[in-house]
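Student: I have a chain to go through with you. Can we take the terms one by one and test each against its definition?

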Amino acid sequence: MRAGAVAVPPRRVLADAVYEQLTALIMDHAIEPDARLNIEALARDLAVSPTPVREALARLESDGLVTKEPLRGYRTTAVLTPDELAQVFEFRTLVEPWAAAGAARRRREEDIAALRAELASAPVTTGSDYAHYAALAQHDQRFHTLLLRIAGNDVALGAFERTRAHLHQFRYAFSSSMSAAAISEHGGIVEAVAAGDTRAARSAMTAHLKAAHARITSAASADS
Ligand SMILES: [Zn+2]
């Protein structure tokens, strides 16, 4: 296992590595949703001591991927129901088109440069495991967070971040065909923001969220 390849990694690095490994196992459903977790067994499987596993589980709890039950320990959370997914998109559709319009109104040169750089770094994914969709999810999350930041409302930004929308959406369903469409829609949003066109930014974001919700829903029905 990879832990053995590194000579006694610093504590922080080890804790991060265990967190990343457990995230991947949960996102890939190698650890089933709504399943009991045994800290000792996980530590054995990852060839580490229980301490970094406990630390990772505490972080995963704040991500909403595990819950802690008194006296019973940790278990993975269930995947969102279709209704919960719809609620995430309902919230996003309230906040993000408004934020895109705000970003178009407030954008400075460096904001446009940052948006273009984020877009240029967007990965075109080909596989369907966590490693592939994490790349798209992380780009998507950075892109949407950046727009909220440019819009300049920290309350809206904090509320958006607390939903962990990207983690939960992509855990719900993913298909590698999502990335090209999403990235092209992001391009349209960037152009509207760069042009300072608040109306176009608002409608490009609304259309993007509607299309993203439809893509995830259809990927889920293709899975089952
Ligand atoms: Zn997006």
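Tutor: Start with contacts. In the protein chain, residues 24 or more positions apart account for 76% of the contacts with a separation of 6 or more. This is a predicted model; local features need pLDDT of at least 70, side-chain atom pairs count only at pLDDT 80 or more, and totals for chains, interfaces and linings use all residues. Residues are numbered from 1 along each chain as its sequence is written.

Student: What makes two residues a contact?

Tutor: Their C-beta atoms, placed from the backbone, lie within 7 Å. Leaving aside neighbours within four places in sequence, Tyr133 is in contact with Thr125, Phe170 and Phe174.

Student: What share of the residues is buried?

Tutor: Of the 224 residues, 32%. Buried means 20 or more other C-beta atoms within 10 Å of the residue's own, with C-beta atoms placed from the backbone.

Student: What makes a set of residues a nonpolar core?

Tutor: Its members are buried Ala, Val, Leu, Ile, Met, Phe, Trp, Tyr and Cys residues, joined through C-beta atoms within 7 Å. The largest has 30 residues; Val18, Val53, Ala56, Leu57, Leu60 and Tyr133 touch the most other members. At least three residues come from each of domain 1 (2-76) and domain 2 (82-223), with bounds from an automatic or database domain assignment. A second, separate core of 21 residues includes Phe143 and Ile189.

Terms used
Buried ≥ 20, exposed ≤ 12 C-beta atoms within 10 Å, placed from the backbone.
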